[in-house]
Amino acid sequence: MKEFSKDSIWQVRNSTLGVYVHFPYCLKKCDYCDFYSEGIGSGPANDESTLFSAYQSEVSERISHFPKLRERTVDTVFFGGGTPSKASTKLWKQFLEFLRSEFSFADDTEISIEVNPEDLSPDLLDEYAKIGINRVNVGVQTLHPEGLSFLGRHYDKGKYTSLVTTLTHSPIQRVGIDLMYGIPGLKSSDFYRDLDQFLSAGLPHLSLYSLTLEKGTKYSRDVSDSIKREPEEITQAEILVTLPELMEKFGYRWYEVSNYAKPGYESKHNLKYWTYEPYLGIGPGAHGMIEGHRYGNPRNANLYQKKQTEAKYEPATPSSELSLTLFRLFSPFRYLEFIETHLEKNSQSKYIQTIQSWEKRGLCDLSDGVFQWRKEALLLLDDLILEISD
């Protein structure tokens with residue numbers, strides 16, 4: 001029977017609340033990105049102030065719909081996008097003060113912001129630290145200019161060259177980066193060369209993604225029109241299966257398909273999505289799940305600011321949603337606790353039978369109500385999740 005380290009086992013938590021805020025503007029819209037965002041150039045958005053006022057209005061509106069939200073303790077806040085580092089630090093400060101006036105915050109609340117390399121600087125990190133932001137994630141994707149060009153990303157040589165130095169001297173300790181592999185025109189050795197720089201720097205969190213073809217993106221249209229090549233799937237599969245062992249040698253825990261962290265540096269906010277915890281989604285294009293209901297806002301900043309937030313709530317469906325989130329975790333988790341808390345009896349039986357069949361096939365380990373995937377499940381994961389969600 002496998003023994004699990006207690007400090008790495010995820011369990012059901014329903015008393016806290018996460019807050020996600022979507023800032024929709026970027027210097028340039030990346031070709032592969034399917035999140036709602038708009039490229040507006042290097043200057044600030046001309047509607048920043050009204051957008052942040054709309055954020056506050058939406059929070060108040062959600063609370064009016066679900067008054068019990070105020071009884072929850074906020075333990076994660078995530079500023080995403082788009083490029084939230086493009087917005088004024090002063091406005092983020094004011095919004096955090098507003099949130100603190102509306103909710104109780106945990107003593108160790110994780111407050112994250114996504115930053116693009118063109119905005120990153122020691123001064124910006126100092127500003128963020130002073131207003132209470134304690135986690136920063138930088139969307140690097142690749143250090144190779146030709147790869148960035150393929151992705152339609154802005155390249156600032158000076159910023160990319162100084163990335164590692166800036167992050168290793170950050171006043172904020174919880175820093176991480178996103179890297180992407182399988183970009184046509186780049187070799188696997190190019191990806192590993194990028195990765196080695198950040199491993200050598202000892203950054204506490206690394207998100208390592210494969211490039212995907214998302215419907216509706218410019219990249220997808222370019223592939224359809226034979227302007228660009230599809231992602232290098234064979235290269236992606238080869239890299240995907242080598243990463244867990246490589247990252248373990250450097251002291252990183254593999255806790256989600258694409259995410260690795262030094263112990264204690266996992267993204268607490270993203271774990272909310274994967275462990276079916278409630279969160280407010282604020283801003284144009286944002287989605288939320290509160291009090292067992294899901295909702296989504298219009299993917300239009302102008303409509304959003306005209307008070308067109310979505311007041312329609314759909315009941316969450318844990319029997320299908322748990323399979324799509326919880327079973328992306330490669331850390332151990334208390335599967336029986338999740339199943340008994342969120343599922344009806346019929347669904348409980350199906351989940352348990354399917355999980356037991358996985359164990360018999362050597363794809364997972366089970367011990368005292370705790371589940372953990374084995375590496376053998378990695379390339380089969382999408383099909384296995386379908387088995388439990390059908």
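Helices, as runs of at least four residues, and strands, as runs of at least two, follow DSSP and are numbered from the N terminus. The model described here is predicted.

A search of the whole structure finds 2 cavities of 30 Å³ or more, and the largest cavity holds about 80 Å³ of space. Of the 14 residues lining that largest cavity, Tyr 181, Gly 182, Leu 186, Lys 187 and Phe 191 are the closest to its centre. Strand E7, helix H6 (188-201) and helix H8 (233-249) each contribute at least two residues to this lining, with H6 giving the largest share, 4 residues.

Strand E7 (174-181) is also among the elements that cover the buried residues of helix H5, as the table shows.

| Element covering H5 | Residues |
|---|---|
| Helix H3 | 122-130 |
| Strand E6 | 135-141 |
| Helix H4 | 145-151 |
| Strand E7 | 174-181 |

Within H5 (residues 157-168), the buried residues include Tyr 160, Leu 163, Thr 166 and Leu 167; because they cover an arc of only 115° around the axis, they lie on the same side of H5. Lys 157 and Thr 161, on the other side of H5, are exposed. The N-terminal end of H5 is capped by Asp 156, a side-chain oxygen of which lies 3.1 Å from the backbone nitrogen of Gly 158.

The largest nonpolar core comprises 105 residues, and Phe 327 and Trp 373 have the most contacts inside it. Apart from this core lies another, of 11 residues, including Cys 30, Tyr 32, Phe 150 and Tyr 219. Leaving aside residues up to four places away in sequence, Phe 327 touches Leu 322, Phe 333, Tyr 351, Ile 355, Trp 358, Phe 371, Trp 373, Leu 381, Ile 385 and Ile 388.

How values were computed. Residues numbered from 1 in each chain as written. Predicted model: local features only at pLDDT ≥ 70, side-chain atom pairs only at ≥ 80, totals over all residues. Heavy atoms only, no water. Core = buried A, V, L, I, M, F, W, Y, C linked by side-chain atoms within 4.5 Å. Buried < 20%, exposed > 50% of the residue type's maximum accessible area, 1.4 Å probe, protein only. Contact = heavy atoms within 4.5 Å. Arc of directions from axis to C-beta. Polar contact = N/O pair within 3.5 Å; in protein donor to acceptor, adjacent residues only side chain to side chain. 1 Å grid on protein atoms, 1.4 Å probe; cavity = no way out; pocket = protein on both sides within 12 Å on 5 of 7 lines; lining within 4 Å. Points joined across faces, edges and corners; volume = space filled by probe spheres on them.
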